[in-house]
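Subject: Structure for your review

Dear colleague,

Please find below the structure that I am handing over to you. My findings follow it, with the cut-offs stated where each term comes up.

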Amino acid sequence: MIGQRDRAQAFTLEGFIASIVLLVAVLFALQAVVIAPTTGGLADRTTQAQLQQEAQDALSVASQDSQDDNLSATVLNWDTDGEDEAGFTDANEPAAPGQGERTYSPEGFADQSQLGKILEERFSDDGWSYNVELVYADEDGDEFESTYLMYQGSAPSDAFTASHTVTLYNNSEMANGDAVENDTTYPIPETDTTSDRIYNLVEVRVILW
Amino acid sequence: MVTDRRRETDGSTNNRNRGQIILIGAIAVAFIILGIVLVFNGVLYTETLSTGSSSQSASDAATTETEITQGIACLIERLDDPANETEDVITDDFSDRYQDAKGESKPEVTSIAPVEPENFGDDNATVEVSYNSNDLEYTTTLEIEEANCP
């Protein structure tokens, strides 16, 4: 009797030890995979945060510039007088997929805007790619649409973004001197407002990779 | 050893066998403790890895202030009668539109409310901005002048 009970205890212990051996083996295998912060992508987290901040600063600087190529002037840089059909001034690159408006090359964008100058000097010259997207509310104000000022391809999953929202007013002047509310070719529509003073709010989004 | 025990059924042998089991039991407990240490170590490691940078939200808040200041300053510049009109445009349109535009791209809510509209002048306005995101919440009062428009 007593011998049998002791035998059961021995089996229990054996079970415990076997399970621990297995658990340790699994843990060892898991720990063997080194997950460093850089495992997921090219740049490490600190560098990425730094670059994102630089892109954000580029937008802030461009928005506070008092010259005629600041951020809101860039958004309103619409040309209806050229020989081509209406489009962003001197934009010669093909439109982004599914979009109607011609886009800029990095050099072309640098010629036309403060934002383009900063982005070209800091990022394009160092081999980075970026898209500049304009996101705005539609006529009813309940859905959002977007168009591209610059399109260098579809962004990979490790891209990061910075954005700045600019306000357009009904009497904001476009590059050709017309008030924005009178132009029918401009892709950004007048959104639904009660006071008829604010035209639309446009988020300028820089996607960088 | 187990077969030995089966054959010898007297009390003294049984006690010796029990001593072995206690020894093995102690080793098992030691392994269990080691295992728990390993598991906790792993959990802490994962926690350290998954903690993201939260410093970005502070710069988001600064961006929000700049956007609102510029939006309202340029609005004042464009209105015919800013002292009477600014408050209406902010409450009717700008506040809602701004909230929608920001909410479309980031998990944050910003509300803008005029403060002391009776003091709104031809070139200034005071608004209270409440900013809420998942890791930052604050309320601030912005005194905006027409000169803030770039």
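Asp90(A) counts as partly exposed, because it has 16 C-beta neighbours inside 10 Å; a residue is called buried if 20 or more other C-beta atoms lie within 10 Å of its own, exposed if 12 or fewer, and partly exposed in between, with C-beta atoms placed from the backbone. Asp90(A) has a positive phi of about 60° although it is not a glycine. Most residues other than glycine have a negative phi. Asp90(A) is placed in the loop between β2 (87-88) and α4 (106-112) of chain A; helices (H or I, at least four residues) and strands (E, at least two) are DSSP runs, numbered from the N terminus.

The model is predicted: local features need pLDDT of at least 70, side-chain atom pairs count only at pLDDT 80 or more, and totals for chains, interfaces and linings use all residues. Residues are numbered from 1 along each chain as its sequence is written, while chains are lettered from A and ligands numbered from 1 in the order in which they are written.

Chain A

Chain A has 5 helices and 6 strands, and along the sequence they follow the pattern α-α-α-β-β-α-α-β-β-β-β. The radius of gyration of chain A is 28 Å, well over the 17 Å that the globule rule gives for 209 residues, so the chain is more spread out than a compact globule. That radius is taken over C-alpha atoms, and the globule rule is 2.2 Å times the number of residues to the power 0.38. The C-alpha trace of chain A spans about 105 × 45 × 30 Å along its principal axes. Of the 209 residues in chain A, 34% are buried. Among contacts in chain A with a separation of 6 or more, 62% come from residues 24 or more positions apart; two residues are in contact if their C-beta atoms, placed from the backbone, lie within 7 Å.

Strand β3 (residues 130-137) of chain A is largely enclosed by the rest of the structure, because 7 of its 8 residues are buried. β3(A) pairs with β6(A) in the antiparallel sense over 7 bridges, where two strands pair if DSSP finds at least two bridges between them. In this pairing, Leu134(A) has Val204(A) in β6(A) as its bridge partner. β3(A) is also joined by 6 bridges to strand β4 (residues 144-150) of chain A, and the two run antiparallel. Here Val132(A) stands opposite Met150(A) in β4(A). The hairpin of β3(A) and β4(A) has 6 residues between the strands, and in it Gly141(A) takes a positive phi near 80°.

The nonpolar core

Which residues touch the most other members of the largest nonpolar core? They are Leu59(A), Val202(A), Val206(A) and Ile72(B), in a core of 61 residues. Such a core is a set of buried Ala, Val, Leu, Ile, Met, Phe, Trp, Tyr and Cys residues joined through C-beta atoms within 7 Å. Strand β6 (residues 198-208) of chain A supplies the largest share of this core, 8 residues. Not counting residues up to four places away in sequence, Leu59(A) touches Leu71(A), Leu115(A), Ala162(A), His164(A), Val204(A) and Val206(A).

The sheet of chain B

In chain B, 3 strands form an open sheet in the order β1-β2-β3, with antiparallel pairing. The edge strands, each pairing on one side only, are β1 (108-114) and β3 (136-145) of chain B. β1(B) and β2(B) pair over 7 bridges, and Ile112(B) has Val129(B) in β2(B) as its bridge partner. Strand β2 (residues 124-133) of chain B pairs with β3(B) over 10 bridges. Val129(B) also stands opposite Thr140(B) in β3(B). The hairpin formed by β2(B) and β3(B) has 2 residues between the strands, and Ser133(B) has Leu136(B) as its bridge partner in β3(B).

The interface

Between the chains, 42 residues of chain B are in contact with 44 residues of chain A. On the side of chain B that touches chain A, α1 (2-7), α2 (11-50), α3 (56-78) and α4 (82-105) of chain B each supply at least two residues. α2(B) gives the most, with 13 residues.

Kind regards
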